[in-house]
Amino acid sequence: KEKVIGEDILKSLQETREEQNYIGPCPICKKGKLTFKRGKFGKFIACDKYPGCTATFKLPHSGLIKNSEKVCSVCSYPMVLVIQKAKRPREVCINPNCAS
């Protein structure tokens with residue numbers, strides 16, 4: 001029964017990771033999901049339909065980044081929560097051209 005339990009735990013961990021990394025639907029291709037990715041220069045957000053959709057968004061380098069599950073009222077792009085030491089948490093739109 002150890003093998004079955006191990007498979008169940010692995011499946012649960014993968015589902016939790018996917019849920020935590022999900023940001024929202026891709027505003028460019030409308031078909032994919034935006035997720036957190038880790039690259040050569042740090043964390044960023046990208047569409048999972050790559051190479052069909054090349055949507056990527058930068059993230060702040062400092063602080064803990066979490067999904068805020070909110071949408072920007074100006075441009076309707078997803079927002080993320082930035083938590084920095086000794087500062088109040090703030091919600092930031094991922095669109096670099098947003099006026100908010």
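Mentor: Buried means under 20% relative accessible area, exposed over 50% and partly exposed in between, with a 1.4 Å probe and protein chains only. This is a predicted model, where local features need pLDDT of at least 70 and side-chain atom pairs count only at pLDDT 80 or more, while totals for chains, interfaces and linings use all residues. Residues are numbered from 1 along each chain as its sequence is written, and side-chain values use heavy atoms, without hydrogens and water.

Trainee: Why does Tyr 77 count as buried?

Mentor: Its relative accessibility is 18%, and the cut-off is under 20%, so Tyr 77 is buried. Phe 57, at 7%, is buried as well.

Trainee: What makes Phe 57 and Tyr 77 an aromatic pair, and which kind is it?

Mentor: Rings of Phe, Tyr and Trp (its six-membered ring) pair if their centres lie within 6.5 Å; planes under 30 degrees apart are stacked, over 60 edge-to-face and the rest tilted. Here the centres are 5.8 Å apart and the planes 85 degrees, so this pair is edge-to-face. The structure holds one aromatic pair.

Trainee: How do you know whether Ser 68 is buried or exposed?

Mentor: Its relative accessibility is 14%, so Ser 68, in strand β5, counts as buried.

Trainee: And what about Ile 5?

Mentor: At 49%, Ile 5 counts as partly exposed.

Key
Helix = DSSP H or I, 4+ residues; strand = E, 2+ residues; numbered from the N terminus.
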